[in-house]
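I opened a new notebook page for this one. Here is what I looked up, in the order I went.

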Amino acid sequence: MDIAEVAKKSGLPASALRYYEEKGLITSAGRQGLRRTFAPGVLDQLALIALGQAAGFSLDDIGAMFSPDGQASIDRTSLSAKADELDNTIKRLKAMRNGLRHAAVCPAPSHAECPTFQRLLRAAAAGELTPRARKPVRVRSKG
């Protein structure tokens with residue numbers, strides 16, 4: 001498939017495909033004139049890239065999920081760690097949402113006098129509302 005067909009089928013602009021190739025996430029099979037061509041399996045790779053991005057993995061993390069031949073090689077422990085990270089993010093965001101909803105309807109005369117809003121401020125000051133640094137994804141060795 002040429003790059004235009006891959007772009008059409010994947011919904012990605014050709015510039016993204018060229019960028020992914022530059023980053024080593026996908027590999028072109030060659031050229032047809034001036035256009036890059038790709039094997040049909042590139043669509044599966046692009047789907048995995050999209051899934052990884054939706055889950056919050058960086059492109060470098062996603063790149064580590066592919067073996068040199070382009071096949072997925074994902075460490076299950078890394079997936080579990082990402083799920084735990086998402087659980088923590090959900091918990092943090094729910095606490096933030098609940099605090100903001102309370103502050104919006106709090107009967108206290110001002111936010112400065114609202115104990116719930118003050119707890120939210122203290123949590124923010126302590127860094128409890130910001131995401132923690134992610135650990136790198138481990139790639140399962142093939143041999």
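**The second largest pocket**

I found 18 residues lining the second largest pocket, with Gly41, Gln45, Asp69, Gly70 and Gln71 lying nearest its centre. For me a pocket is an open set of points on a 1 Å grid over the protein atoms alone, where a 1.4 Å probe fits, with protein on both sides within 12 Å along at least five of seven lines; lining residues have an atom within 4 Å of a point. The model is predicted, so I note that local features need pLDDT of at least 70, side-chain atom pairs count only at pLDDT 80 or more, and totals for chains, interfaces and linings use all residues. Residues are numbered from 1 along each chain as its sequence is written, and side-chain values use heavy atoms, with hydrogens and water left out.

I looked up who gives the most to this lining: helix α3 (residues 42–54), with four residues. Helices here are DSSP runs of H or I, at least four residues, and strands are E runs of at least two, numbered from the N terminus.

**Cysteines**

How many disulfides are there? I got zero, taking a disulfide as a pair of cysteine sulfur atoms within 2.5 Å. The sulfur of Cys106 has its closest cysteine sulfur in Cys114, 3.2 Å away, which is too far for a bond. Cys114 is buried at 0% relative accessible area, and Cys106 counts as buried too, at 17%. Buried means under 20% relative accessible area (1.4 Å probe, protein chains only).

**The whole chain**

I noted six helices and two strands, running α-α-β-β-α-α-α-α from the N terminus. Buried residues make up 29% of the 143.

Note on methods:
Buried means under 20% relative accessible area, exposed over 50%, partly exposed in between (1.4 Å probe, protein chains only).
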